[in-house]
Amino acid sequence: MKVFKTERGKGKIKLFDMHVHTKGISLCSRLSAGDLCRALKEDQTDGFVLTNHYSPAHLRGSLGQWLKNYQEEYERTAEEAERWGLRALFGMEVTLGTRDFLLYGVTPECLYGSERPLWEYTLEELWEFAHEREALLVHAHPYRGGGVPADFRYLDGVEINCHPLYLQNAKEEVTAYAKEHRLFVTCGSDYHGDVYKAHCGVWLPDGLSGEKELAMFLKSGQPELLVHDIDPRRAEQTNIYNRNRRKDS
Ligand SMILES: [Zn+2]
Ligand SMILES: [Zn+2]
């Protein structure tokens, strides 16, 4: 097995935002690929995993065409990232019922590997789908909205989600859950452009060859995280939904 060496402060590790959305697929996002890259560059993030929603709520047209669009949105975003000197990796955020799960280590080819859409899978089936492809399944924001985390037997990791819209990142609960069930913890901004961008992520070794090595690295032990503690005042001020409400009243 490949040994990963990370040496902080020596320019050999890179900060990756593990959870971001672009509007070409994620209908709740306000960000074009260029908007996303500008924001990440401005706060000195080195790379990101594009985790657009894979959910019936975001499906437009036929499934086959939509999956093609999903791949093309990633390719467009990756090209844009290269122009900004950022590294882009492919990922997915799959909705199962009321919960969301991030897949790391999947590649665009995985979009076409199933005979029915992944949102129809059970968690166990999705976990198997990931593992058959040497990918990992991470529970996105397990405590959002008073949520109860999914069955740990079918999880590899859990996420500290720093989306300021939700006013808290539940880092204590997530860390405790991970420790209890021997899961790793990731961190991402869930940036949609609807509120200020949280500066956060996972420190990854420089020169990862791609998604497969990302999964290998996450499997090799708990990575170092940059966690953002949400500023509720700033969240309130930058929340576009509040702004629209203020305009109406
Ligand atoms: Zn969204
Ligand atoms: Zn998300």
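Me: Which residues touch the most other members of the largest nonpolar core?

Reply: In soluble globular proteins, nonpolar side chains tend to be buried together. In this predicted model, the largest nonpolar core has 59 residues, and Leu103, Tyr104 and Leu137 touch the most other members. Such a core is a set of buried Ala, Val, Leu, Ile, Met, Phe, Trp, Tyr and Cys residues joined through C-beta atoms within 7 Å. Buried means 20 or more other C-beta atoms within 10 Å of the residue's own, exposed 12 or fewer, partly exposed in between, with C-beta atoms placed from the backbone.

Residues are numbered from 1 along each chain as its sequence is written, while chains are lettered from A and ligands numbered from 1 in the order in which they are written. As the model is a prediction, local features need pLDDT of at least 70 and side-chain atom pairs count only at pLDDT 80 or more, but totals for chains, interfaces and linings use all residues.

Me: With which residues is Leu137 in contact, leaving aside neighbours within four places in sequence?

Reply: Leu137 is in contact with Phe101, Leu103, Leu126, Trp127, Ala130, Tyr154, Leu155 and Asp156 (contact: C-beta atoms, placed from the backbone, within 7 Å).

Me: Which residues of helix H1 are buried?

Reply: An α-helix has 3.6 residues a turn, so residues three or four places apart point the same way. In H1 (residues 33-42), the buried ones are Ala33, Leu36, Cys37 and Leu40. They lie on the same side of H1 because they cover an arc of only 95 degrees around the axis, taken from the directions from the axis to the C-beta atoms. These buried residues pack against strand S1 (13-20), strand S2 (47-50) and helix H2 (63-83). Just after H1, Gln44 has a positive phi of about 60 degrees. Helices (H or I, at least four residues) and strands (E, at least two) are DSSP runs numbered from the N terminus.

Me: Which way do the residues of S2 point?

Reply: In a regular strand the side chains alternate between the two faces of the sheet. Gly47 and Val49 point one way from S2, Phe48 and Leu50 the other way, and all are buried.

Me: What does S2 pair with?

Reply: S2 pairs with S1 in the parallel sense over three bridges, with Val20 opposite Leu50. Four bridges join S2 to S4 (residues 87-96), also parallel, and there Val49 stands opposite Leu89. Pairing requires at least two DSSP bridges between the strands.

Definitions and conventions. Contact = placed C-beta atoms within 7 Å.
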